[in-house]
Amino acid sequence: MELTIYLAGEIHSSWRDEVKEKVRSLNLPISFVGPMENHDRSDSIGEEILGKQPNAVLRDEAASSFNNLRTGVLMHKSDIVIALFGEKYKQWNTAMDASAALSLGKPLILIRPEELHHPLKELSSKANVTVETVNQAIKALAYIFETR
């Protein structure tokens with residue numbers, strides 16, 4: 001059995017690389033998908049496909065259409081969604097992705113620091129598992145593959 005994991009969360013830190021490396025070190029049969037991690041490309045994809053937009057609002061709306069297409073396709077194909085809420089960046093996209101995962105019936109692992117317990121309490125109660133660290137999320141994944 002191989003699993004595909006959608007990694008939802010901010011794209012400004014290297015948390016995805018940490019997840020991938022730890023999974024690789026455990027030889028778990030897992031592949032990863034997620035949002036476009038190149039922020040400039042994510043913001044410009046609408047204009048790259050549709051052409052120059054007349055203002056910033058329409059530029060953002062055009063990019064959002066293609067980013068939502070990507071997210072929808074990749075999340076549908078995933079077996080599990082991991083949503084990381086960090087302490088530094090605004091997390092609107094993470095909340096949207098976690099909610100989409102729940103709407104699709106995808107198992108959700110929520111990673112959030114203790115400091116974000118209160119603002120994420122409703123989302124956390126809907127997730128299959130809530131943990132505080134990437135290491136805990138990796139242990140949850142590894143447990144899926146244990147036979148004894």
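Helices here are DSSP runs of H or I with at least four residues, strands are runs of E with at least two, and both are numbered from the N terminus. Helix 4 is followed by G105, whose phi is positive, near 75°.

Some ground rules. The model is predicted, so to speak of local features we need pLDDT of at least 70, side-chain atom pairs count only at pLDDT 80 or more, and totals for chains, interfaces and linings use all residues. Residues are numbered from 1 along each chain as its sequence is written, and side-chain values use heavy atoms, with hydrogens and water left out.

Helix 4 itself covers residues 92-103. Which of its residues are buried, meaning under 20% relative accessible area with a 1.4 Å probe and protein chains only? They are T94, D97, A98 and A101. Seen down the axis, these buried residues fall within an arc of 100°, taken from the directions from the helix axis to the C-beta atoms, so they line one face of helix 4. On the other side, W92 and S103 are exposed, that is, over 50%.

Now the largest pocket. A pocket is an open set of points on a 1 Å grid over the protein atoms alone, with protein on both sides within 12 Å along at least five of seven lines; lining residues have an atom within 4 Å of a point. Of the 24 lining residues, I11, H39, S42, N67 and N93 are the closest to the centre of the largest pocket. Helix 3 gives the largest share of the lining, seven residues.

Note on methods:
Expected span 1.5 Å × (residues − 1). 1 Å grid on protein atoms, 1.4 Å probe; cavity = no way out; pocket = protein on both sides within 12 Å on 5 of 7 lines; lining within 4 Å.
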